[in-house]
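Subject: Structure handover and findings

Hello,

Here is the structure we talked about handing over. Please open it alongside this message; my notes follow directly below.

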Amino acid sequence: MSDSIVSLIDVEKSFGKNKVVKKMNVEIKEGEFLTLLGPSGCGKTTTLRMIAGFEEATSGAIKVQGESVEDKEPFERDVNTVFQNYALFPHMSVFDNIAYGLKIRKRPKDEITKRVNEMLDLVQLKGYENRKPDALSGGQKQRVAIARALINNPKVLLLDEPLGALDLKLRKQMQVELKRLQKKLGITFVYVTHDQEEALTMSDRIAVMNEGVIEQLATPREIYDRPFTKFVAGFIGESNIFDGKVKALHDGILDVETSSGTMKVKGSGFDVGESIHVSIRPEYVKVNSDPVEGFDLKGNVKDYIYMGTVVKTSVDLKDNIEIKYSRFEKDEDFKEGDSVNIYWNPERAVAIKAKK
Amino acid sequence: MQKNTFKRKTLPSLAMAGPVSLWMILFVTLPMLYIIYISFMSRGVFGDVVYKFSLESYETLLDSTYFKVILKSIKAAFVTTVLCILIGYPFAYYIAKKPKEVASKLIMLIMIPFWTNSLMRLNSWLLLFQTSGPVNNFLLSTGFIDTPMSFVYTDGLVMVGMITNMLPFAVLPMYSSIEKLSRSLLEASADLGASGRTTFFNITLPLTFPGIFSSIILVFIPSLGIYTVTDMLGGGKVLYIGNIIKNQFGSIRNWPLGAALSVLLIVITGLLIYIYTRFAKIEDMEVL
Amino acid sequence: MSISRKQKGKRRQELLGTIYSVAIYTILYIPVFVMMMFSFNNQRYNYYWNGFTTQWYAKLFNNSAVIGSLWYSVVIAVLATVISVTIGTIGALGLKKYEFRGKKFINNMLYIPIIVPEIVMAVALLIIFIKIGLSLGMGTILIGHCTFCIPYAVVTIKGRISGDGYSLEEASMDLGANRIKTFLNVTLPSIMPGVMSAAFLSFTLSIDDVVMSNMLAGAKNSTLPVLILSMNKTGVTPDVNALTTIMILFIVIAMILNNFIRNALKKRAKMEENI
């Protein structure tokens, strides 16, 4: 536990009757890039704001470096925030915006100048110091906001959907830059986003949140390959999810009965007759003209969407369920309307316990 | 082709923008030009206007009696403005920090008294403070004073009337500029280490300055030209520029002098607006 | 959890703010309550409190001067509202939509009656009216009121015309409605809230106006505010207090009703949404 820099212990937050964060426990490790990922309204921004001190937890404790911070005002905490819409002070120049944290602390003038110049170098904004925020592009504003938050040498940098307002190309570029910056400075980043792709590219660990609860906290790879819950499986990347019951189990492989037919999935800790979700990524779905042992998923090929090197197709199964699958364009395959059998490597599918 | 543009463009624009333009030219531009013209004429023996160029009226303004009134008016308008801003800003701030639903009700609560006739509200101060009014009765009964105090027809009571009449015009623009202030800016300041006080002076105050300036204009200029407050509460003893102008077109009949005083007010107004437009756009002024 | 130091500070600040605001509201409402109180005073000129009576409410309707001036004020206010809102509405649309020479000039002119002290506008109009030989009376008062109501109407309505308004109009014309039909069926309804608040504003500005009415009235009739101003020398009589009390109660009740209906409609809409 000694290496965790921020600890949330049983943290809850309600706005009136509305419970936004429920019994949350997280240990954020020193120097890691942790992302809070979830749809809007899942409580991720509220969690961030509680760490920053803008919201007070209804119950539970928040510790920074082992020290409880409930009693500390935002301006007394060693964490800094990069705001969603940058929140640059419109009446101040880039220089004054970045210098703000030091000026407030009444640092000597030459120190301020030196530090601001270092920051301008760091975010590659030399020469822009006299501009007002209005005269900057979105990406430039973003850099100023980061520089401004970093000048106080915070223990933790909190970033609230910082790239949300940028266009796709710039967002991708900033993702790389942010990750590089974090590695270089070695500061802990706590990053809030609803964009799963962004989370997967940048994070050391991802906490997937839904309705005030962390559904899974793990590395991007684990989250993608081994989702714990149906929500995580559906939210991260594209997935086909089937609801069914375990029919039989042997050698760590489950036979599952669903309304679309039977299928196989690797899994352990399940009983016969138990409710289960099976998740399979489109890229692992395979198609055959003859039935494959253990699978009974028949249907007709429906759409055929060409996307460069990949082709996305879907097959209509029984009970009006549609399964998506993708494959490389050059691979030989079936045409629209063909009757096919679906199967996959049971190792590639994920068995998820149904919630009671 | 030409007929077509006429029908599609010229005719609708003439029909729509025409009436308002005509009205403004007839009843704003012309009278304004005419009053400036009259201010450079002189007064005849019987109160008529002698149509010959003269600076007589402007020279009269420098005359000590008139000059004193002008200074007194400017001072009174200045004090009213400063007090309205000082009293109004914390009030506006308090309302702006309430949830939107509550804030709009609180704003409504400010407006309701202003749907009572303004003269009757002024008259109420007179009733309250008159020689045998409630305030004097209370002070006499508690033994604070032995003889009734005379509040009525004093500069002090006029000031009470001015401030209570003008306060909403100070509060509303400041309220809307404080309300518009993004919460994240204040949070960013706190996040970077500034206490509430420091944030107020570094962020809130400079960013709500346009609202404060709107308030200054909306209070100072009307205060400068007001005569109803002095008439109702000053009983003819307290005179401001507004009273003097009114009298020149009434009993005293010195149109050029009244016109010159009006031009003075126009110049002061223009000057303030010019300064204002250097900070903000006039279209953004919260007039309502 | 115990109350933190942070929360304590916040609560104290909140309390101070509330006390301060209550004090301000008290000062704003004192004149209204004093006015109401003295409508029940049993003394002819309200020089001192002389016991409770309701006689002025009865006598009010026999005082032809007061009722006459009220009627005069109302007629002027209604006419001023209709004229100002009509000219203001089409003017706001015209000024927003069309480019023409002198548009900037007209826009600037619109700010003059709003900003320049009213007494200046009043005397300027007075000397023009006298110069062209217009006799003072209801007509001149009406012109005076419209001169400051039109700019307010234009500003209020202009604020309500969004960029979206154009695409709505274009859609309407695309579907075959001509300009006038488009105006009546699409444009006007979309700016109706602005038109309503312009009307409300014009009416209140006109009915409460003293300066223009006093300057441009001529010798015959006077509006209610002008009558009150002239009573000031001898003391405003309690029947006027009674009248203004009735007026403010009328306005407040109308407002509450309006609010009530709007809330009820909102609730219904919300319920329907949930179904």
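Strand β6 (residues 79-82) of chain A runs parallel to β7(A), and four bridges join the two. Helices (H or I, at least four residues) and strands (E, at least two) are DSSP runs, numbered from the N terminus. Two strands pair if DSSP finds at least two bridges between them. Within this pair, A:N80 stands opposite A:L157, and A:T81 stands opposite A:L158.

Before going on, the ground rules. This is a predicted model, in which local features need pLDDT of at least 70, side-chain atom pairs count only at pLDDT 80 or more, and totals for chains, interfaces and linings use all residues. Residues are numbered from 1 along each chain as its sequence is written, chains are lettered from A and ligands numbered from 1 in the order in which they are written, and side-chain values use heavy atoms, with hydrogens and water left out.

On to the next partner of β7(A). Strand β8 (residues 188-193) of chain A pairs with β7(A) in the parallel sense, over five bridges. Here A:L159 has A:Y191 as its bridge partner. From β7(A) the chain passes through helix α5 (residues 168-185) of chain A to β8(A), a right-handed β-α-β crossover. Right-handed means that, with the strands pointing away from the viewer, the path from the first strand over the helix to the second runs clockwise.

Is β7(A) buried or exposed? Five of the five residues of β7 (residues 156-160) of chain A are buried, so the strand is largely enclosed by the rest of the structure. Buried means under 20% relative accessible area, exposed over 50%, partly exposed in between (1.4 Å probe, protein chains only). Both faces of β7(A) are covered. A:V156, A:L158 and A:D160 are buried on one side, A:L157 and A:L159 on the other.

The whole sheet is open and has six strands, in the order β6-β7-β8-β3-β9-β10 (chain A), with mixed pairing. β6 and β10 (213-218) of chain A are at the edges with a single partner strand each, so one side of each lacks a neighbour in the sheet. Direction ignored, neighbouring strands are turned by 20° against each other on average. Axes are lines fitted to C-alpha atoms, for helices over the stretch in contact, and angles run from 0 to 180 degrees between N-to-C directions.

Helix α1 (residues 44-52) of chain A packs on this sheet. It touches β3 (33-37), β6, β7, β8 and β9 (205-210) of chain A, and its direction makes about 145° with that of β7(A). Contact means heavy atoms within 4.5 Å. Helix α4 (residues 138-150) of chain A lies across β6 and β7 of chain A, at about 175° to β6(A).

**Chain A: the antiparallel sheet**

Another open sheet has four strands in the order β2-β1-β4-β5 (chain A), and its pairing is antiparallel. Its edge strands are β2 (18-29) and β5 (67-68) of chain A, each pairing on one side only. Two bridges join β4 (residues 59-64) of chain A to β5(A). A:V64 has A:E67 as its bridge partner there. α1(A) lies across β1 (4-15), β2 and β4 of chain A as well, running at about 120° to β1(A).

UniProt lists residues 6-236 of chain A as "domain: ABC transporter", in an unreviewed entry. UniProt positions are given in the numbering used here, feature names are shortened, and annotations may be inferred rather than shown by experiment. Over residues 6-236 the chain is 36% helix and 27% strand, with the end C-alpha atoms 25 Å apart.

**Chain B**

For chain B, the unreviewed UniProt entry lists "transmembrane region" at several stretches, including residues 76-95 and 107-130. Residues 76-95 of chain B are 100% helix and 0% strand, and the end C-alpha atoms are 28 Å apart. For residues 107-130 of chain B the values are 71% helix, 0% strand and 31 Å.

B:V82 lies in helix α3 (residues 64-96) of chain B. At 32% relative accessibility, B:V82 is partly exposed. B:N123 sits in helix α5 (residues 118-129) of chain B. B:N123 is buried, at 2% relative accessible area. Leaving aside neighbours within four places in sequence, B:N123 is in contact with B:M232 and C:V236.

Best wishes
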